[in-house]
Amino acid sequence: MLKGWLHTLDLFEKCEKFTAAREVMDAGIYPYFHALSTYQDTVVTIEGRRTIMLGSNNYMGLTCDTRVMDAAIEAVKKFGSGCSGSRFLNGTLELHNQLEEALASFLNKESTLTFSTGFQTNLGVLSAIAGPRDIIYSDRQNHASIVDGNRLSFARVLKYAHNDMDELREKLERSPADAGKLIVTDGVFSMEGDIARLPDIVALAKRFGARVMVDDAHGLGMIGENGRGTANHFGLEDEVDIIMGTFSKSLASLGGYVAAKENVTHYIKHNSRPFIFSASIPPACAGAAFEALRIMKSEPDRPIKLKENGDYLRAKFREVGLTIGDSETAIVPVMTYDTIRTFKIHHELLMAGVYCNPVVAPAVNDGECLLRTSCTATHTREQLDEAVAIFKKVFDAA
């Protein structure tokens with residue numbers, strides 16, 4: 001009687017119906033997974049072509065610094081290729097402890113705890129620190145790792161419009177007084193290159209009894225004294241409760257960290273499932289990050305040079321008539337608006353010798369597509385001038 005009535009949905013049906021990427025591939029403008037055959041530097045080789053790199057997060061220019069590479073090699077020689085376990089068990093090296101102590105000192109926090117990746121750090125911190133009885137207030141432009149960490153926490157999540165302090169205040173006002181409250185925001189926003197309104201956030205947190213967490217993945221090295229990040233930039237290190245960061249950008253490695261009071265990191269390390277059940281940072285990555293941090297502390301001209309290059313790139317883009325977003329940092333978005341137009345322009349730029357990052361929905365809202373450019377402390381003015389000239393030529397022809 002029921003024959004033919006029930007339909008079993010094949011789990012892989014969604015895979016068969018996913019054609020969007022292949023259509024872009026067939027059009028010859030697929031922008032992803034282009035392979036480098038050289039160091040991650042200001043100029044690279046991509047698929048045999050000399051290419052100015054304006055799409056890297058290598059803000060301090062340290063990924064190919066021989067001191068950082070030598071530190072990674074020495075760490076492997078001393079500790080081996082991997083840790084074969086989690087920090088919670090056999091996977092803690094003295095190098096991890098040394099790195100955490102150095103980070104805590106640099107960030108003026110009591111304690112830090114390292115994670116295997118930056119993405120995992122947000123998953124691990126938010127899922128441990130917030131729960132079903134708590135409320136997380138999250139900027140709508142926060143990184144995807146915050147979005148997923150919020151979900152994993154099972155807390156109630158209230159999103160507020162990007163940097164909109166009036167909407168944040170209204171949501172705080174309507175929340176139960178006895179709920180645990182956490183305001184979480186990027187410090188430097190990764191697509192827009194603008195900075196969180198941290199003084200206003202801290203003031204609202206004090207008024208409504210909330211804690212504050214800043215994702216400073218892009219803030220470290222970018223702003224603040226010696227590149228100490230967003231909280232330092234505003235003189236609010238003592239007012240920000242949790243600072244999260246990553247090693248994959250200014251620190252030229254792979255991994256992540258959280259900085260807070262010791263009792264907070266102590267709680268996280270004993271309650272964060274992503275921390276407890278993941279293998280620890282490999283020796284090479286820890287050694288490279290440790291050396292990159294030492295260089296950043298001892299060479300304060302690098303963050304200064306990065307800021308100067310960002311200011312220069314913004315001015316040059318405006319000079320040739322390109323529309324850029326509200327950037328305040330070395331991340332400079334060039335507006336393209338439409339998805340296919342974004343892919344076409346990205347392709348032409350790549351063919352002409354410039355790499356940048358195409359950003360389309362859902363990373364940004366529909367109609368707000370952009371090309372994310374970012375410079376490093378080691379870009380020369382000649383390289384930036386050459387890249388801007390190529391941008392102008394491609395946009396004029398688009």
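Hi everyone. Let me start with one term: a residue is called buried when its relative accessible area is under 20%, and exposed when that area is over 50%. Please keep in mind as well that this is a predicted model.

Which of its residues are buried? They are L95, H96, L99, E100, A102, L103, A104, F106 and L107. And what do these buried residues pack against? Their partners are helix 3 (66–79), strand 3 (111–115), strand 9 (256–260) and helix 12 (283–298).

Helix 4 covers residues 94–107, which is 14 residues, and at 1.5 Å a residue it should span 20 Å. Just after helix 4 comes N108, with a positive phi of about 55 degrees.

That brings me to backbone angles. Most residues other than glycine have a negative phi, and most peptide bonds are trans. So let me show you some places to look at in this chain.

Take F33, which is not a glycine and yet has a positive phi of about 65 degrees. You will find F33 in the loop between helix 2 (20–26) and strand 1 (43–46). Is F33 buried or exposed? Its relative accessible area is 75%, and the cut-off for exposed is over 50%, so F33 is exposed.

F154 is not a glycine either, and its phi is positive, at about 65 degrees. F154 sits in the loop between helix 6 (144–153) and strand 5 (156–160). With 63% relative accessibility, F154 counts as exposed.

Next, the peptide bonds. Where is there a cis one? Look between A361 and P362, where omega is about 10 degrees. P362 belongs to the loop between strand 12 (357–359) and strand 13 (369–374).

Finally, let's zoom out to the whole chain. It has 15 helices and 13 strands. The radius of gyration is 22 Å, close to the 21 Å that the globule rule gives for 398 residues, so the chain is as compact as a globular protein of that length. Buried residues make up 54% of those 398 residues. If we take contacts between residues at least 6 apart in sequence, 69% join residues at least 24 apart.

How values were computed. Residues are numbered from 1 along each chain as its sequence is written. This is a predicted model: local features need pLDDT of at least 70, side-chain atom pairs count only at pLDDT 80 or more; totals for chains, interfaces and linings use all residues. Side-chain values use heavy atoms; hydrogens and water are left out. Helices (H or I, at least four residues) and strands (E, at least two) are DSSP runs, numbered from the N terminus. The radius of gyration is taken over C-alpha atoms; the globule rule is 2.2 Å times the number of residues to the power 0.38. Buried means under 20% relative accessible area, exposed over 50%, partly exposed in between (1.4 Å probe, protein chains only). Contact means heavy atoms within 4.5 Å. The expected span of a helix is 1.5 Å times one less than its number of residues.
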